[in-house]
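Biologist: I would like to learn how to read a structure like this one, feature by feature. Could we look at it together?

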Amino acid sequence: MNKVQPEELKPLADESNLSSTSSIPQQMAMTRCDDGLCEVPIENSGMEGGATVSQTATPYEKILNIKLKGPYPAENVMVSQQLWAQRPVVILVVRRLGCTMCRKAMFMVQEIRKEFQKIGVTLIAIANQTINAEDFLETVWEGLPLYIDENSGFQKAVGTPKYSYFWLHNAIYRGCTETLPKAGPSFGDVNSKADQVGLDLVVSSAGIVFERNEDSKFTHTDPKVLLSAARRARGFTDRVD
C-alpha cells in the first residue's frame, strides 16, 4: 500500500490572503479545561492583543523542550518547540492509538483539516508508544504527522491525571491480548503507558492558547472549539459558531 507522507512543517508561501483584524498577539490567551467543552472569551486586559492569562494554565516553559521522535515512522529526534516554531499547531495527545473513542475524536478533527490548513495551522498527533501506529495513520490520521513522546512529556508537563481504575485495563490486557488478531487496532497498547489521560493543546511561538484534558468520559474537545482557538493563535478575532 502506498503511504501518504505526513505534512511538512514549513512556513506558508503566501499569507497575504489570511486577513486579520489584528496582528498576532505577543501573549496569547491560555485556557485550561479539565472537564466538559470549553471556550473562554479573551477579555481586554490591556495587554497586546487583549489577551488574559489564566492562572491555572500550564506554564509555557514546561512544554518547550519535550523530547520527541518523528514524524512516525521516522525516528528523528527533536524537541517540542520545533513543532510550532514556524506556525501555530493543534496538538492532540492520544492516550493510546488503539483506543476506539480516542480515534473517533481525532477523526472528527481531521475531517475539518482543510479549515485548519486555510488559516495556516498544522494538526499534530502525539502518542507515547508506537503500538497500533501504522493502523492509526492509515485509518484515522492519513497524511498528518504523528510524533512519539516516549516519556509522556506533554502529559507530565500539563499534569494529566491517571485513571483510578487502571486495574481493569490490566485485567483486560492479561486476559485478551493473546487471542486478539495480529492485524488492526488491539488492546496490545493497554499497558503501563496507557493509564494517563490524553489532552488537547493549541500552541504558538507566543504561548499556549488552549489546553484541555480528556475527561472522565473519554471526551475530547469539540473540533469547532479547537478551530476557534487556532484562529486566535493566528491573530483572528472573529468566532466560529
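Modeller: Gladly, and please keep in mind that this is a predicted model. We can begin with two side chains, Asp135 and Arg103, which are both buried. They meet in a salt bridge, with N and O 2.7 Å apart. Asp135 belongs to helix α3 and Arg103 to helix α1, so this pair ties together parts that are 32 residues apart in sequence.

Biologist: What is the general idea behind such a pair, and how many salt bridges are there by this rule?

Modeller: Side chains of opposite charge can pair when their charged atoms come close. In this structure the count comes to four salt bridges. One of them joins Glu214 to Arg95, with the closest N and O atoms 3.6 Å apart. Since Glu214 sits in the loop between β8 and α6 (223-233), and Arg95 in the loop between β4 and α1 (100-110), the pair ties together parts that are 119 residues apart in sequence.

Biologist: Where do Lys118 and Glu115 lie?

Modeller: Both are found in helix α2 (residues 113-118), three residues apart, which is about one turn of the helix. Lys118 counts as exposed because its relative accessibility is 55%, where the cut-off is over 50%, while Glu115, at 34%, counts as partly exposed.

Biologist: Now I would like to turn to a strand. How many residues of strand β7 are buried, and what should I look for in its side chains?

Modeller: In a regular strand the side chains alternate between the two faces of the sheet. Strand β7 covers residues 199-204, and six of its six residues are buried. On one side are Leu199, Leu201 and Val203, and on the other Asp200, Val202 and Ser204, so both faces are covered because the residues on each of them are buried.

Biologist: Which strands pair with β7?

Modeller: Strand β4 (residues 89-93) runs antiparallel to β7 and is joined to it by five bridges, with Ile91 standing opposite Leu201. Strand β8 (residues 207-213) also pairs with β7 in the antiparallel sense, over six bridges, and there Val202 stands opposite Phe210. β7 and β8 form a hairpin, with two residues between them.

Biologist: How many cavities of 30 Å³ or more does a search of the whole structure find?

Modeller: The search finds one, and the volume of the largest cavity is about 30 Å³. Its lining consists of Leu92, Ala105, Met106, Val109, Asp200, His220, Thr221 and Leu226. Helix α1 gives the most to this lining, with three residues. By kind, the lining residues divide into five nonpolar, two polar and one charged. Asp200, which is among the lining residues, is also one of the buried residues of β7.

Note on methods:
Residues are numbered from 1 along each chain as its sequence is written. This is a predicted model: local features need pLDDT of at least 70, side-chain atom pairs count only at pLDDT 80 or more; totals for chains, interfaces and linings use all residues. Side-chain values use heavy atoms; hydrogens and water are left out. Buried means under 20% relative accessible area, exposed over 50%, partly exposed in between (1.4 Å probe, protein chains only). Helices (H or I, at least four residues) and strands (E, at least two) are DSSP runs, numbered from the N terminus. Two strands pair if DSSP finds at least two bridges between them. A salt bridge is a side-chain nitrogen of Lys or Arg within 4 Å of a carboxyl oxygen of Asp or Glu. On a 1 Å grid over the protein atoms alone, a cavity is a set of points where a 1.4 Å probe fits but cannot get out, and a pocket is an open set with protein on both sides within 12 Å along at least five of seven lines; lining residues have an atom within 4 Å of a point. Grid points are joined across faces, edges and corners, and a volume is the space filled by probe spheres set on the points. Ala, Val, Leu, Ile, Met, Phe, Trp, Tyr, Cys and Pro count as nonpolar, Asp, Glu, Lys and Arg as charged, and the others, Gly among them, as polar.
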